[in-house]
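This report describes the secondary-structure elements of one chain and the way they pack.

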Amino acid sequence: GLNFIDLMVRQGNIDNPPKTPLVPGFECSGIVEALGDSVKGFEIGDRVMAFVNYNAWAEVVCTPVEFVYKIPDDMNFSEAAAFPMNFVTAYMMLFEVANLREGMSVLVHSAGGGVGQAVAQLCSTIPNVTVFGTASSFKHEAIKNSVTHLFDRNADYVQEVKRISADGVDIVLDCLCGENTGKGLSLLKPLGTYILYGSSNMVTGETKSFFSFAKSWWQVEKVNPIKLYEENKVIAGFSLLNLLFKQNRGGLIKGVMDKLLNLYNSKKIKPVVDSLWALEEVKEAMQRIHDRGNIGKLILDVEKAPTPLVSAKTRCTARCG
């Protein structure tokens, strides 16, 4: 699976980035080739998906058994590689952190991305949940049926949301950071929860820009604890990778995966795969995410051959006859 966090790792926009050379990637799917001596519950030949603490973009991957899950019979490998990061992140934020219940409302940014689509699907499993989403305008036609109200990511979505719901929303899921932090807090109803789970606004160019980095953090509204207390609002953060690999909550995540796989088997959720890319095409694939061009998840397929490039001469011949 290819995630926005991979772009942030590449640019060094994370705390304590690993030293190079390194193999990126945090999730994958495949077939079990070998087992540790004490591993139980899996056999060679099993179809599995897994979390990996880096090194997922490879033909052979090794990871602790607690991060490995069997793939349902009717789920293909592309869907399986698109499943863990997006759906666990969405589920944990909605149900473990924000306690989503019937009749509540949710604002999610980047509604056309992998996590955004997972959030929309999970919200649809609870009655009468209103989903407000922001996305680039060219994605609206493709995702309009997945959310209740859809806004252009560059529009004044605060006023649009308040026009529909004067009191605001119960849950804000923010993967952007920057000026959106203050906007999100301003939209929260009393007892509402704002969750920051990314900072994609930090990634503005091909390389890390300290100016863009500083500008984004400067735009973050300073949170006043007294104001939170007076307004009965909750502000939270969520990092699935830290929960898995630094805070040792693999057991908790396994329970969440069991619930998600039950929802998949009940045909209530399904990963949205944007496109498949060969490993040799990783530059182009990362550019698609960087440009926010994807709807759902991009997958690196180790068995896929690169798409042949058409030469300028060939294009001219075809066009000119």
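## A buried serine

Ser78 counts as buried, because its relative accessibility is 19%, where the cut-off for burial is under 20%. The model is a predicted one. Ser78 belongs to helix H2, which spans residues 77–82.

Leaving aside residues up to four places away in sequence, Ser78 touches Val273, Leu276 and Ile299. The C-alpha atoms of Ser78 and Gly30 lie 9.5 Å apart, although 48 residues separate the two in sequence.

Five bridges link E1 and strand E2 (residues 47–51) in the antiparallel sense. Gly30 has Val48 in E2 as its bridge partner.

## The six-stranded sheet

A further open sheet comprises six strands in the order E6-E5-E4-E7-E8-E9, and the pairing is parallel. Its edge strands, strand E6 (149–152) and strand E9 (234–237), each pair on one side only. The twist from one strand to the next averages 15 degrees. H3 packs on this sheet and touches E4, E7, E8 and E9, its direction making about 150 degrees with that of E8. H4 also packs on the sheet, with contacts to E4, strand E5 (130–135) and E7, and the direction of H4 makes about 170 degrees with that of E4.

Is strand E7 mostly covered or uncovered? Strand E7 (residues 169–174) is mostly covered, with six of its six residues buried. E7 runs parallel to strand E4 (residues 105–108), to which three bridges join it. Within this pairing, Val106 has Ile171 of E7 as its bridge partner. E7 also pairs with strand E8 (residues 188–196), in the parallel sense and over five bridges. Leu173 stands opposite Ile195 in E8, and Asp174 has Leu196 in E8 as its bridge partner.

## Packing of H3 against H4

Two packed helices are described by the angle between their axes and the distance between the axes. For helix H3 (residues 84–97) and helix H4 (residues 114–123), the axes come within 8 Å and cross at roughly 55 degrees. H3 is therefore oblique to H4. The crossing of the two helices is right-handed.

Which residues make the contact? On the H3 side they are Asn86, Phe87, Thr89, Ala90, Tyr91, Met93, Leu94 and Phe95. H4 contributes Gly114, Val115, Ala118, Val119, Gln121, Leu122 and Cys123. Of the residues in this contact, 11 are nonpolar, four are polar and none is charged.

Terms used
Residues are numbered from 1 along each chain as its sequence is written. This is a predicted model: local features need pLDDT of at least 70, side-chain atom pairs count only at pLDDT 80 or more; totals for chains, interfaces and linings use all residues. Side-chain values use heavy atoms; hydrogens and water are left out. Axes are lines fitted to C-alpha atoms, for helices over the stretch in contact, and angles run from 0 to 180 degrees between N-to-C directions. Helices (H or I, at least four residues) and strands (E, at least two) are DSSP runs, numbered from the N terminus. Angles under 35 degrees count as roughly parallel, over 145 as roughly antiparallel, 65 to 115 as roughly perpendicular and the rest as oblique. A crossing is left-handed if the near helix is turned anticlockwise from the far one by less than a right angle, and right-handed if clockwise. Contact means heavy atoms within 4.5 Å. Ala, Val, Leu, Ile, Met, Phe, Trp, Tyr, Cys and Pro count as nonpolar, Asp, Glu, Lys and Arg as charged, and the others, Gly among them, as polar. Buried means under 20% relative accessible area, exposed over 50%, partly exposed in between (1.4 Å probe, protein chains only). Two strands pair if DSSP finds at least two bridges between them.
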